[in-house]
Amino acid sequence: MKSLCLLQLVCLAGCIASRSREWAHHGAPIFADLTVHEMKAVRAYLHGIPEMGLTNARSRALNKNSILLMELHLPKKHEALKALDRGHAKPPRQARVIIQFGNQAQPNITEYIVSPLPSPTSHEVKTFKGAKPVTFESRPITVVEYDHINDILKKISNKAHKLLFETTGGFSYSNCSNRCLTFSDIAPRGLDPGERRTWIMLQKFVEGYFIHPIGFEVLVNHQDLDPEKWTVEKVWYNSMYFDSVEELVEKYESGEVEKLKLPDHRDDDFYSTYIPRGQINTPTNKHGPKLVEPQGHRYHIDRNFVEYAGWSFAYRVRSSAGLQVFDLRFNGERIAYEISLQEAIAFYAGDTPAAMQTKYIDAGWAMGTSTFELAPGIDCPEIATFIDLYHYFDTDKPVRHKNALCIFEMTMAMPLRRHFNSDFQGGYNFFGGLENTVLVLRTTSTVYNYDYIWDFLFYPNGVVEVKVSATGYIHATFFTPNGLHYGSKVYNYVLGNLHTHLIHYKVDLDIDGRENSFETLDLKFVNFTNPWSPKHFIVQSKLHRTEHRTERSAAFRFGKKFPRYVHFYNPNKKNKWGHQKGYRIQFNSHAHSVLPRGWREENGISWSRYPLAVTRHKDSEATSSSIYTQNDPWEPAVSFENYIRNNEDIVNQDLVAWVTVGFLHVPHSEDIPNTATPGNAVGFFLRPFNFFNEDPSVASRSTVIVRPGQDGKPKIQRWTPEVIGHCVTDQPFFYNGTYAGV
């Protein structure tokens with residue numbers, strides 16, 4: 001009878017797991033990015049509405065009505081869960097569309113929800129929390145606007161042609177061949193809401209032009225939709241400010257301005273390029289180590305649904321922000337509904353006007369659309385599965401980004417766990433070990449000069465690592481002696497400016513259900529009489545738990561002591577040992593605040609005040625930033641601080657963790673030509689904390705156990721093929737655990 005009941009329980013568990021997998025697979029398309037067909041259908045639908053008066057995004061006029069961005073609009077969470085948890089019909093797919101209405105008396109930005117897809121028939125206005133309007137000046141800059149900026153820079157450079165030519169040793173902005181100038185534009189574009197004034201610095205247009213400033217910066221007012229009305233408001237040259245290009249040129253010619261002469265540019269000066277130079281002791285006729293899969297992939301991909309070693313999840317790459325994972329489950333149990341990149345910022349300091357104005361807020365550059373092709377063997381292993389991405393931003397048709405996302409399994413070259421059990425007599429009782437392999441979901445964002453590598457890593461023991469690695473070119477400005485307060489000289493006339501990177505993530509945890517609570521764990525010393533030697537005292541650490549009952553209590557400020565453990569748990573579910581099932585977030589970060597609280601631009605990044613803030617889930621609080629924050633951080637359309645201002649109860653609720661990670665970067669000579677990834681990776685781990693009854697990776701058949709046999713020979717126990725394969729080794733595994741003197 002007991003055996004029959006056990007068999008029934010096993011069958012029931014198997015049925016539940018099978019059904020969970022089926023529903024997860026069924027619901028994954030809810031989160032899939034818009035298809036090319038859907039994008040084209042949405043565009044055709046909106047262009048077919050006469051009163052909108054839409055024209056092509058790439059037409060030369062700025063005072064036009066056009067589509068700026070199109071991406072998936074997610075359904076409400078409870079609607080998605082009906083499909084994911086009960087197998088109900090999936091909610092209709094919808095598109096979020098941003099339209100620039102520039103051809104009217106009061107230009108504005110309006111967002112619409114267009115549905116149903118793939119054959120839309122309706123649209124409704126989408127508003128932000130509090131119905132805050134979006135100012136027209138806060139829109140991202142477009143290719144067409146850049147074309148007009150290029151035109152005004154030609155006019156400016158023509159007026160200052162002699163100055164620029166003499167300063168650079170023969171470079172010019174127009175009518176040039178291999179000695180051309182280019183530009184970098186700075187944001188935010190102004191000092192107050194409603195402005196559109198941009199500092200622009202000129203650089204030599206060579207490989208790695210980001211680190212070739214020439215010491216000429218200009219402030220252009222391009223707020224008017226008629227480019228003929230744009231004006232130059234300030235010019236900076238050789239550490240001096242001028243009210244116009246004409247004033248600078250006049251004083252340059254009269255000798256009132258010290259003439260700047262850069263060292264002659266040599267075509268064989270490769271400092272900003274990837275061309276190898278210097279001594280190398282590695283043989284050049286041999287490739288380095290490579291990953292192999294002796295028996296092929298051990299993961300499965302079906303469109304945006306991925307399965308691996310007990311894990312399952314859906315993914316998307318949101319055009320405005322980047323990589324996101326949904327419905328993350330381990331062995332059928334949901335751990336998180338959403339883990340998503342929200343924002344990346346780099347706030348700089350410097351002595352030139354461009355440097356002191358640089359506060360990059362990368363969603364404002366449609367960070368998610370900067371996902372370019374990944375290089376096999378460099379960006380991802382050759383064995384990876386490469387996937388195309390499609391975006392619709394500042395375009396008139398969907399744009400295909402070939403091989404812009406990759407998925408692969410790799411060895412960590414480190415055991416997940418191992419133990420050598422010595423007999424202390426030259427032998428051993430047993431050896432046990434398990435290799436550590438992970439599945440990696442990766443894409444990149446090249447936001448102008450910087451390259452971010454975005455990773456999700458899924459470990460076999462129920463751990464998830466979320467990581468960003470920074471590389472690419474530093475943001476450099478013209479060297480001045482005072483600039484050494486704000487960075488390092490990295491080349492002739494080149495200052496690498498100090499800056500802080502901060503990355504913000506949304507982590508919507510559902511620990512065995514939506515009803516979760518949050519606590520922190522620290523240690524306190526206790527002092528008590530030794531029970532087996534009363535004349536002595538015992539001093540040791542004791543766990544100190546703090547339950548956080550409100551949002552304000554769970555918003556931890558930078559500069560304050562951060563708890564040792566931050567623990568999310570289900571107060572209604574326990575594991576076999578009586579502990580509440582939970583997960584904790586473990587930080588790998590060196591982040592700190594970038595501006596004082598409430599200081600102007602800081603209002604747009606109020607999430608940066610907190611390494612961790614915990615809120616109740618609300619569909620109206622879907623993101624912590626927006627595509628408009630870059631050009632209006634002073635009065636942002638999305639204010640994260642408003643999410644915790646009402647200080648709601650967070651006990652036994654659907655909780656969201658908002659995580660900030662980052663690091664300070666003081667550039668140095670080794671950042672030439674590029675910043676390297678070692679030491680420049682930050683992120684966090686999601687680690688089970690009494691969620692399971694034991695380490696779930698005990699299910700892995702990659703374990704190897706070695707015991708000494710009675711004949712003295714090692715007895716190897718394993719559950720995978722004895723010989724791995726010719727690409728690795730043709731020899732079977734061997735282990736001899738003895739040791740002796742020599």
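I began with residues 37-122, over which the chain is 24% helix and 34% strand, with the end C-alpha atoms 17 Å apart; helices (H or I, at least four residues) and strands (E, at least two) are DSSP runs numbered from the N terminus. UniProt, in an unreviewed entry, places the feature "domain: Copper amine oxidase N2-terminal" at these residues, and such annotations may be inferred rather than shown by experiment.

I noted that this is a predicted model, in which local features need pLDDT of at least 70 and side-chain atom pairs count only at pLDDT 80 or more, while totals for chains, interfaces and linings use all residues. Residues are numbered from 1 along each chain as its sequence is written, and side-chain values use heavy atoms, with hydrogens and water left out.

Next I looked up an open sheet, in which 3 strands lie in the order S21-S23-S22 with antiparallel pairing (two strands pair if DSSP finds at least two bridges between them). Strand S21 (476-478) and strand S22 (487-491) are the edge strands, each pairing on one side only. S22 is joined to strand S23 (residues 494-497) by 4 bridges, and Lys489 has Leu495 in S23 as its bridge partner.

Lastly I turned to Ile724, which is found in the segment after strand S34 (714-718). I recorded Ile724 as partly exposed, because its relative accessible area is 35% and the class lies between buried (under 20%) and exposed (over 50%), with a 1.4 Å probe and protein chains only.
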